[in-house]
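Please open the structure in a viewer and keep the selection panel at hand.

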Amino acid sequence: MNKQNEITKWLPVTRKEVEMRGWGQLDVILISGDAYVDHPAFGAAVIGRIIEKEGYRVAIIPQPNWRDGLHDFKILGAPVYFFGVTSGCMDSMVNHYTANKRLRSDDAYSPGGKTGLRPNYAAVTYTKILKSLYPDVPVIIGGIEASLRRVTHYDYWSDKLMPSLLETSGADLLVYGMGEMPVREILKLLKKGVPLHQLTMVKQTAYLRNQGNGTPKNKHWNDIYIHSHQKCLEDKKAFAANFKQIEQESNKVFADRIIQTIGEKTLIINPPFPTMTEEEIDASFELPYTRLPHPKYKTLGAIPAYEMIKFSINTHRGCFGGCSFCTISAHQGKFIASRSQSSIMKEVEQVTNMPDFKGYISDLGGPSANMYKMKGRIQEICDKCVRPSCIYPAVCDNLNTNHSQITEIYRKADAHPKVKKAFVGSGIRHDLLTKSYNKKADTSIYDYLEQLLTRHVSGRLKVAPEHTSPAILKLMRKPSFEHFKEFKRIFDRIDKQHGLNQQLVPYLISSHPGCTEDDMASLAAETRELGFHLEQVQDFTPTPMTVATVMYYSGYHPYTLKEYYVPRSIREKKEQHRFFFWYKKENQDWLRKKLFALKKPDLLKRLFPFGKTKSHPQTKPIREIMSHRPPKQKQRRNTF
C-alpha cells in the first residue's frame, strides 16, 4: 500500500489529508489538547470515529497553536455543523500542575512528553478562539474538563469558585460524561435538520438560556433547582449543599434535570443516558481504530500515555466505589458498563498481532479491575437508589460481587498462544476480596485472587487503602484499615504457598480534608508495623466534582454540612506528606520533635521502638527525648 492510502487509515488532521478523501467542506471539526492517537483509550479518537461511522466528514486538529496567528484554527475552515472541543484525556490544569501548584516537567499526552503544547483551561481558550474566528458556527465542548466543570465548581489553581464552563467559554452546548450516546443523538437530530440551538432535550448535555426565555418543558423529567452561582459565591455552605444534589443526580438511574441561575442566564443540565449496554460499549471499542499515533509524530518522539497503554485492554467502565476524592463516577458513572467476553478477546487478538508486541499485555482492567460485570441482582432496587457508593458504608445486599466472569477472561487471555503474560495493572478493590468486609461474597473471590496473584502480577500488586485513620477513611468513603490488614494476610498466604516473593504496595493520601498531623502520625506507625516503606503516595489535589474538593474549599461536608479542619497551606501539606517517609534519615529528627510537640510518646515508641534505627544510629533513646524539652533552634528561613 502506498503512503497516500496508508495515511487515510487515520482521521484527517491536515487539509491535504482531507483532500485525499475527496472531501470539500467538513461537517465536523474536533479540536483536542492531546496529540492524536487513534486508539479507544483516547477520547477524541473515539468521538471522531463515531462521527465518521454516522456518515459525517470529520477531521481532528490536535494541539493547535493558540499563541501566534491562529493558523491551526483556520487551516480546515469552518465546518457545516459544529466544532467539537476537548482539552484532552485530563483536565488541563491537572495536566500542567502538581498538588503544590508547580509546573510539571512533562506532558504524557504530547509527543516526546513535551510541555507547553496546550494552554491552561484549554477548553475555554480553544472555544473563545473559535468563537472569535467563526462566530456563527456552534461549538460543543466535552471531555473530562468540560464534564467536571459543568456547574459551579471550585478551581484550585485560581483559588476561586467558577461558573459552568459554558459561561466562561461561550460554548453552545456541553456534553458531560462518556460522550458516545449524546454525540450519536446530536448527529441524528442534525441529520433530520434540527438546528443545534434547538437541541434542548438531548440527555447528558447542558446549555445556557436567557432567563426571559424560560425553561423548555419535558413531561418525563422532574426539575430540581440548586443555589445560584451568585449565592454560592456569597455563602460557602450553600455551595456545599449544592453538591449533594449534583452527586446524587449524577449517580441515579432515573435522574432529575438540574437547573441553576448564573447571572441573567439559566444553566440547564439534562439527565444522563442509561448505562451503556454490552452491545453499545462493544460497538464503541470495535470501531476501525489503527491503534497507533498519527504518522505526523514519527520524528517528534513517543507519546508517553500511548506507550503506557498500547498493549493494554479495557474491560469495562464506571466505578461504584464512590470515593470522596475521586472523579471517576462523576464522569464514567457509578454503574458498570462491561464489554462482552468476545469483544475483549477480539481485542486481545488485535494486540497480539501488533508488529512490536513481545508477548506481554500490560493491563487487562478498568477503573477498578475487579468490578467487571458487577451489578444489582434486582434492577428495581438500583432504580430507586441514591447512594453514591454501592460498597460504602457496607457492601449493598443487592450487589452481585461474583468474580467468576473476570477470572475466566484472565484465564482465556493467559491461554492465548501469543501471550506470555497478561498483567493486571489497574488497581483492584481489595475490600471486595475480603470476607471480613464483603460478608456475602462467594468462593469466586478466592479463585480470582489465586488466578490474579499467580498469573497476572508483575511482582508488585498495588491496592489503595488510602489511609489508616477511621475518621479520615469515613470521610473518604473507604472501609476500615482492618480490612486491608485482612487482605494482606490473604496475599501473604498465597504468596508463601506459591513461592512468589511478590510485594504488596499500598496507595495512600495525605492532606485530605479533615486529616490532621495526628492522623498522619498514626498512619506512619501503622504502616511501619506492617513492614511498609511507602512509595506510592500523593498529596490530595482538589479537582472539580468531588466531595473532598467541596470540603477543601468550603470547610463543610456537603451531606451533613458539618464543619471540618482542612490542611490548606503549602507548609501544612508538605509536613503531612513528610510523615509517609519516616524511614528516611533526613526526616527522623524532624519526626521525633514533631511527635514530642504533638504529645504522642506512644506513636514515637511505635515508630522507633528501639530508640534508634540503622539509618540513624546516633539517635537518642526515646526515654531521654521524652523527658526533656527539645533544644531551642536557631531561626532560619522557611524553605517551603
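Throughout this tour, buried means under 20% relative accessible area, exposed over 50%, and partly exposed in between (1.4 Å probe, protein chains only). This is a predicted model, in which local features need pLDDT of at least 70, side-chain atom pairs count only at pLDDT 80 or more, and totals for chains, interfaces and linings use all residues. Residues are numbered from 1 along each chain as its sequence is written, and side-chain values use heavy atoms, with hydrogens and water left out.

Select K440 and D397 to begin. Their side chains form a salt bridge, N to O 3.6 Å; the term denotes a side-chain nitrogen of Lys or Arg within 4 Å of a carboxyl oxygen of Asp or Glu. K440 is exposed at 59% relative accessible area, and D397 is exposed at 56%.

Next, select D223 and R257, whose closest N and O atoms are 2.8 Å apart in a salt bridge. D223 belongs to strand 10 and R257 to strand 11, so the pair ties together parts 34 residues apart in sequence. Strands (E, at least two residues) and helices (H or I, at least four) are DSSP runs, numbered from the N terminus. R257 is buried at 1% relative accessibility, whereas D223 is partly exposed at 30%.

Then select E278 and K373, which meet in a salt bridge of 2.3 Å, N to O. E278 lies in helix 12 and K373 in the loop between strand 18 and strand 19, 95 residues apart.

Finally, select R21, D38, R49 and E52, linked in a network of salt bridges. The whole structure contains 37 salt bridges.
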